Amino acid sequence: MSTVRSEKESVVAEVRSKLEAADAVIVTEYRGLSVGALASLRIELRKAGCEYRVYKNTLARFAAREAKIEGLDTLLVGPTAIAFVQGDVAATAKALKDFAKSNPLLVINGGAVNGKVVDAKYVSVLADLPSREAMLSQFAGLLQALPRNMAYGLKALYEKNSTDSAPEATEAPAPVAEEAPAEAPAE
């Protein structure tokens, strides 16, 4: 009896440490998926930097409580698997969503991001975000554009101020020739 208890305790400790170390977790229901389909899903998720594991719900619930992720236990119903995400949460969510499109038996229940429980709709929104690399690339482009655009703006402002403050080159009026007084008519 005590060995069974210690095995369960070690599983709870393992799940708790994975929950605490993960940037996010996504809980799925895999009812009806074949072993081959689950294996191919694991391969895709590994590429996204994620570990996909099946644990007994009761033990996973204890681990979620110990990790202080309130509400995660409500997602652990039925045949569930947990995706432990290290890094790009959007890439994992996208991989799960894409897999679910071709394998409708996979259902995304929700998960937790930074210790806060999220629903399936939130995970779907995450899946629609660009990848971390794409967002970093866009951000880098913005950072490069800032100094360049600022330089263009300063140059335009300088040119505008130089033309505004320069004295206007106007032509001086032509001197008016004075007419000689008319001679008085001789009488």
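Me: Which helix has the lowest confidence in the chain, and which strand the highest?
Reply: Happy to start there: in this predicted model, local features need pLDDT of at least 70, side-chain atom pairs count only at pLDDT 80 or more, and totals for chains, interfaces and linings use all residues. Residues are numbered from 1 along each chain as its sequence is written, and side-chain values use heavy atoms, with hydrogens and water left out. The chain averages a pLDDT (the predictor's confidence in each residue, from 0 to 100) of 86, and 87% of the residues score at least 70. The lowest mean, 79, belongs to helix α6 (residues 132-165), and the highest, 97, to strand β1 (residues 24-29).

Me: Is T80 buried or exposed?
Reply: T80 is found in strand β3 (residues 80-85), where strands are DSSP runs of E with at least two residues and helices are runs of H or I with at least four, numbered from the N terminus. Buried means under 20% relative accessible area, exposed over 50%, and partly exposed in between, with a 1.4 Å probe and protein chains only. With a relative accessible area of 3%, T80 is therefore buried.

Me: With which side chain does the side chain of T80 make a polar contact?
Reply: Leaving aside residues up to four places away in sequence, T80 touches (heavy atoms within 4.5 Å) several residues, including V27, Y55, N57 and N109. A polar contact is a pair of N or O atoms within 3.5 Å; within protein, one must be able to donate a hydrogen and the other to accept it, and residues adjacent in sequence count only if both atoms are side-chain atoms. At 2.5 Å, the partner side chain is that of N57.

Me: How is α4 oriented relative to α5?
Reply: The axes of α4 (residues 89-102) and α5 (residues 120-128) come within 7 Å and cross at roughly 105°. Axes are lines fitted to C-alpha atoms, for helices over the stretch in contact, with angles from 0 to 180 degrees between N-to-C directions. Angles under 35 degrees count as roughly parallel, over 145 as roughly antiparallel, 65 to 115 as roughly perpendicular and the rest as oblique. So α4 and α5 are roughly perpendicular.

Me: Where is K68, and what is its phi?
Reply: K68 sits in the loop between α3 (57-66) and β3. K68 is exposed, with a relative accessible area of 68%. Though not a glycine, K68 has a positive phi, near 60°.
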